[in-house]
Amino acid sequence: MAGELESCKPLSGLLSGLAQDAFYGHPGITEELLRSQLYPDVPIEEFRPFQAKMRGILKSIASADMDFNQLEAFLTAQTKKQGGITSDQAAVISKFWKSHKTKIRESLMNQSRWDSGLRGLSWRVDGKSQSRHSAEIHTPVAIMELEIGKSGQESEFLCLEFDEIKVNQVLKKLSEVEESISTLMQPV
Amino acid sequence: MEGSREPVLDAKAELIDFQWKLGMAVSSDSCRSLKYPYVAVMLKVADHSGQVKNKSFEMTIPQFQNFYRQFKEIAAIIETV
């Protein structure tokens with residue numbers, strides 16, 4: 001039965017399933033589901049430690065956000081270990097990480113954000129031209145709707161009104177942020 | 001995140017204060033090597049009854065760039081109206 005586990009065809013599918021469960025929070029990806037879909041001829045007692053090993057490897061790679069050099073070194077070490085992986089399996093894992101790295105990383109970033117995120121932004125500019133108290137005024141206003149929400153929760157909509165002065169005040173603050181970002185991103 | 005829908009004509013709130021923070025997420029229990037910068041914003045807004053509330057949210061750097069770009073667009077338009 002070890003031969004079954006060494007076969008690389010279903011490994012790619014297994015890694016996808018493990019990623020769905022561990023990183024994307026997809027419900028219902030059970031051990032039995034993975035086994036029956038991908039390794040139907042392998043008994044559960046053999047499948048369990050195998051998938052645990054693959055899950056562990058995937059989590060280590062994601063947790064360290066390995067670049068390709070680190071990945072190669074790590075996987076090579078895994079092939080040399082007692083009870084490790086084959087070099088064919090290492091190749092499948094390497095290919096998987098290279099194509100899924102960005103998406104998995106994004107998922108991990110979202111998991112660690114506990115404040116609301118900005119989900120949407122729409123705006124328009126109105127030209128107010130009359131009011132009850134003045135005969136005629138021309139004060140343009142910007143109306144902005146911010147859609148914010150926490151992971152897995154419904155959005156909250158915030159509708160704000162800005163006159164020209166306020167727009168420029170905020171703009172000044174945003175340019176301060178931009179400056180900070182430039183300083184942060186400067187190569188050390 | 002472009003002007004995707006017309007803002008509804010609800011009671012609009014007024015922005016009293018805008019505070020920001022540039023942070024760097026270094027590590028978490030699910031990822032030891034996060035290393036991503038983010039912009040955290042705290043808005044102080046007053047609704048039509050005068051009640052003041054704090055609203056906070058985070059943006060990734062690309063999200064912030066988009067936010068900034070849209071504000072610049074608003075400023076350019078509001079100047080010409």
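Predicted model: local features only at pLDDT ≥ 70, side-chain atom pairs only at ≥ 80, totals over all residues.
Student: What makes chain A more spread out than a compact globule?

Tutor: Begin with the elements of chain A, which has seven helices and three strands, arranged along the sequence as α-α-α-α-α-α-β-β-β-α. The globule rule gives 16 Å for 188 residues, whereas the radius of gyration of chain A is 26 Å, which is well over that value, so chain A is more spread out than a compact globule. The C-alpha atoms of chain A fill a box of roughly 90 × 40 × 20 Å along the principal axes.

Student: Why is S28(B) called buried?

Tutor: A residue is called buried when its relative accessible area is under 20%. For S28(B) the relative accessible area is 13%, and therefore S28(B) counts as buried.

Student: Where in chain B is S28(B) found, and which residues does S28(B) touch?

Tutor: S28(B) sits in the loop that links β1 (13–25) to β2 (36–46) of chain B. Leaving aside residues up to four places away in sequence, S28(B) touches S112(A) and L34(B).

Student: How much of each chain is buried by that cut-off?

Tutor: In chain A, buried residues make up 40% of the 188 residues, and in chain B, 42% of the 81 residues count as buried.

Student: What are the elements of chain B, and in which order do they run?

Tutor: Chain B has one helix and three strands, and from the N terminus on these elements run β-β-β-α.

Student: How do you know how big the interface between two parts is?

Tutor: The size of an interface is often given as the accessible area that is lost when the parts come together. In this model, chain A and chain B bury about 5,100 Å² between them, and 68% of that area is on carbon and sulfur atoms. Among the residues of chain A, the three that supply more than any other three are L118(A), W123(A) and L174(A), with 13% of the area that chain A buries against chain B. The contact takes 54 residues from chain A and 52 residues from chain B.

Student: What share of the accessible surface of each chain belongs to carbon and sulfur atoms?

Tutor: Chain A exposes about 10,500 Å², with 51% supplied by carbon and sulfur atoms, while chain B has an accessible surface of about 4,500 Å², with 51% belonging to these atoms.

Student: How many charged side chains does chain A have?

Tutor: There are 22 positive and 26 negative side chains in chain A, and the centres of these two sets lie 3 Å apart.

Notes: Residues numbered from 1 in each chain as written. Chains lettered and ligands numbered in written order. Heavy atoms only, no water. Helix = DSSP H or I, 4+ residues; strand = E, 2+ residues; numbered from the N terminus. Rg over C-alpha atoms; globule rule 2.2 N^0.38 Å. Buried < 20%, exposed > 50% of the residue type's maximum accessible area, 1.4 Å probe, protein only. Areas by Shrake-Rupley, 256 points an atom, 1.4 Å probe, with all protein chains shown as cover. Lys, Arg positive; Asp, Glu negative; His and termini not counted. Charge placed at Lys NZ, Arg CZ, Asp CG, Glu CD. Contact = heavy atoms within 4.5 Å. Buried area = accessible area lost by both parts, 1.4 Å probe.
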